[in-house]
Structures are given as structure tokens and as C-alpha cells.
Amino acid sequence: MLSKNLIPNSDVLVPDPKGDLKGHPNHLYYTIHYDATKNDVKVVGIKNHPGFTYTSVTCYGWSSLPPTNGQFRYDETLKADHDVMSPDEKKKSQVDGEKYTVYLTTKPTYLPGINEIDVSQEPSGVCLIRLIYPDSTELVNKCTPQVEPVTIGVR
């Protein structure tokens with residue numbers, strides 16, 4: 001399995017817009033092998049960029065099922081990190097998209113304004129981040145999410 005070759009909580013497989021590993025030709029998926037058995041997993045990405053129409057973050061356990069009743073985040077439910085943005089960053093986000101942070105966790109905090117996906121039913125698996133209609137390969141590379149393990153509950 002391709003994603004099992006990724007280093008958990010670190011590597012991101014960047015989609016090749018001309019490659020075979022996709023279904024719809026204008027839907028591209030970043031692939032992350034997550035392991036939240038000992039840490040939370042922090043994923044930082046871009047949404048609402050003028051160069052693509054939609055983004056979503058969805059996790060699947062190795063059973064191929066999404067954890068906790070299909071919980072996922074998409075444009076309308078994926079909160080941007082506006083609270084920590086300076087006025088200059090907010091202005092820049094209108095051009096470069098909005099930064100978001102989502103935590104893959106086995107112990108959600110349910111804090112307001114925090115993006116979390118409860119993976120307690122599937123603490124290890126694959127996280128797919130989808131972009132729809134990205135306008136260039138450069139944009140796909142520029143918007144590659146950053147991933148790192150963090151202490152459980154630390155936001």
C-alpha cells in the first residue's frame with residue numbers, strides 16, 4: 001500500500017496532476033499516513049485560495065472506514081486560523097488563501113474555533129486532503145500541507 005511507505009505524521013505525498021493516482025482529473029489528493037496512538041497530529045494547510053475551488057480533510061482507518069461517523073472538515077466547516085493572523089496576513093490571505101490547522105486526535109478538546117477530527121476509533125490510517133480544480137502544478141506544490149506530531153491536547 002502506497003501510504004504505508006510514508007513516514008507517519010511527517011511525510012506528505014504530493015499529487016502529480018498528470019499522474020494516475022486519482023479518480024476525477026480535477027480532484028487532487030495529498031496523502032498523509034497518520035498515527036495518533038501516542039500523539040495528536042497537527043496538519044496545517046491552505047483553503048479558500050483563488051487558484052482552487054474547494055478543499056477537504058478526511059481520515060480513513062486501515063479498515064477503509066472513516067472514524068466517528070464520517071467526521072471530516074471541508075470549506076464551510078474548516079475554520080481558518082484568523083485569530084492569530086495580523087492585519088497584513090489577513091490581507092495577504094485574500095490572495096494566497098487562508099491558513100488552517102486541524103488536529104487528528106484520540107482525545108478531542110471540543111474547544112471553540114479549533115479544527116479537530118476525532119480518530120479515536122481509527123487512531124492510525126490515512127488522511128486525504130482534497131483540492132478541486134487547482135489551476136497549476138506550482139499551486140499544488142505551494143499548498144502542500146505541513147504535518148507534525150504534537151502532544152495530545154496541546155493546541
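Guide: Buried means under 20% relative accessible area, exposed over 50%, and partly exposed in between, with a 1.4 Å probe and protein chains only. This is a predicted model, where local features need pLDDT of at least 70, side-chain atom pairs count only at pLDDT 80 or more, and totals for chains, interfaces and linings use all residues. Residues are numbered from 1 along each chain as its sequence is written, and side-chain values use heavy atoms, leaving out hydrogens and water.

Visitor: Why is E116 called buried?

Guide: Its relative accessible area is 5%, and the cut-off is under 20%, so E116 counts as buried.

Visitor: What makes R155 and E116 a salt bridge?

Guide: You need a side-chain nitrogen of Lys or Arg within 4 Å of a carboxyl oxygen of Asp or Glu. R155 and E116 sit at 2.9 Å, N to O, so the pair qualifies as a salt bridge. R155 is in the segment after β8 and E116 in strand β6 (residues 115-118), so the bridge ties together parts 39 residues apart in sequence. Strands here are DSSP runs (E, at least two residues), numbered from the N terminus.

Visitor: How do you know that D40, E116 and R155 form one network?

Guide: Their salt bridges share partners: R155 also meets D40, at 2.8 Å, N to O.

Technical notes
Helices (H or I, at least four residues) and strands (E, at least two) are DSSP runs, numbered from the N terminus.
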